[in-house]
Amino acid sequence: QVQLVESGGGLVQAGGSLRLSCTASGSMFSINAMGWYRQAPGKQRELVARISSGGSTNYADSVKGRFTISRDNAKNTVWLQMNSLKLEDTAVYYCEAVAAVTTPYTYLEVWGQGTLVTVSS
């Protein structure tokens, strides 16, 4: 079973920075894409940023230029550096990994438990 453990959330003032970390552990053949999603109160979960195993990235328009996603394939870890945080970035942030768990060719989406980011004025 694959588990994703997130850390790094917390309370920060607007304009500040936070760095989220997520590490995958357990039995798996490989991890393809890894990403971060967020869900604000009363809203649907949305993509924040995603990174392929080869390092290609994509970002939500709302975070471009402020957030940076990176990963270490050897450590099965993905980070999200969040700068110039805004009030509207307040949400629970979820780590996601697309992992080959049961066979080398069957990929499943695995989710972390979420970490709360609160941006205050």
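Visitor: Where is Asn-76?
Guide: In this predicted model, Asn-76 sits in the loop between β7 and β8, the latter covering 77–82.

Visitor: And what's its phi like, positive or negative?
Guide: Asn-76 has a positive phi, near 50°, and it isn't a glycine. Most residues other than glycine have a negative phi.

Visitor: Is Asn-76 buried, partly exposed or exposed?
Guide: Partly exposed, because its relative accessible area is 24%, and buried would need under 20%.

Visitor: What about Ser-84, where is that?
Guide: Ser-84 lies in the loop between β8 and β9, with β9 spanning 91–103. Ser-84 has a positive phi too, about 50°, despite not being a glycine. Ser-84 is partly exposed, with a relative accessible area of 40%.

Visitor: Switching topic: which strand holds Arg-71?
Guide: Arg-71 belongs to strand β7, residues 67–72.

Visitor: Which side chain of opposite charge is nearest to Arg-71, and how far away is it?
Guide: That's Asp-72, 7.9 Å away. Arg-71 is buried and has no salt bridge.

Visitor: So what polar atoms does the Arg-71 side chain meet?
Guide: One of its polar atoms is 2.7 Å from the backbone oxygen of Asn-32. The side chain of Arg-71 also makes a polar contact of 2.6 Å with the side chain of Asn-73.

Definitions and conventions. Residues are numbered from 1 along each chain as its sequence is written. This is a predicted model: local features need pLDDT of at least 70, side-chain atom pairs count only at pLDDT 80 or more; totals for chains, interfaces and linings use all residues. Side-chain values use heavy atoms; hydrogens and water are left out. Helices (H or I, at least four residues) and strands (E, at least two) are DSSP runs, numbered from the N terminus. Buried means under 20% relative accessible area, exposed over 50%, partly exposed in between (1.4 Å probe, protein chains only). Lys and Arg count as positive and Asp and Glu as negative; His and the chain ends are not counted. A salt bridge is a side-chain nitrogen of Lys or Arg within 4 Å of a carboxyl oxygen of Asp or Glu. A polar contact is a pair of N or O atoms within 3.5 Å; within protein, one must be able to donate a hydrogen and the other to accept it, and residues adjacent in sequence count only if both atoms are side-chain atoms.
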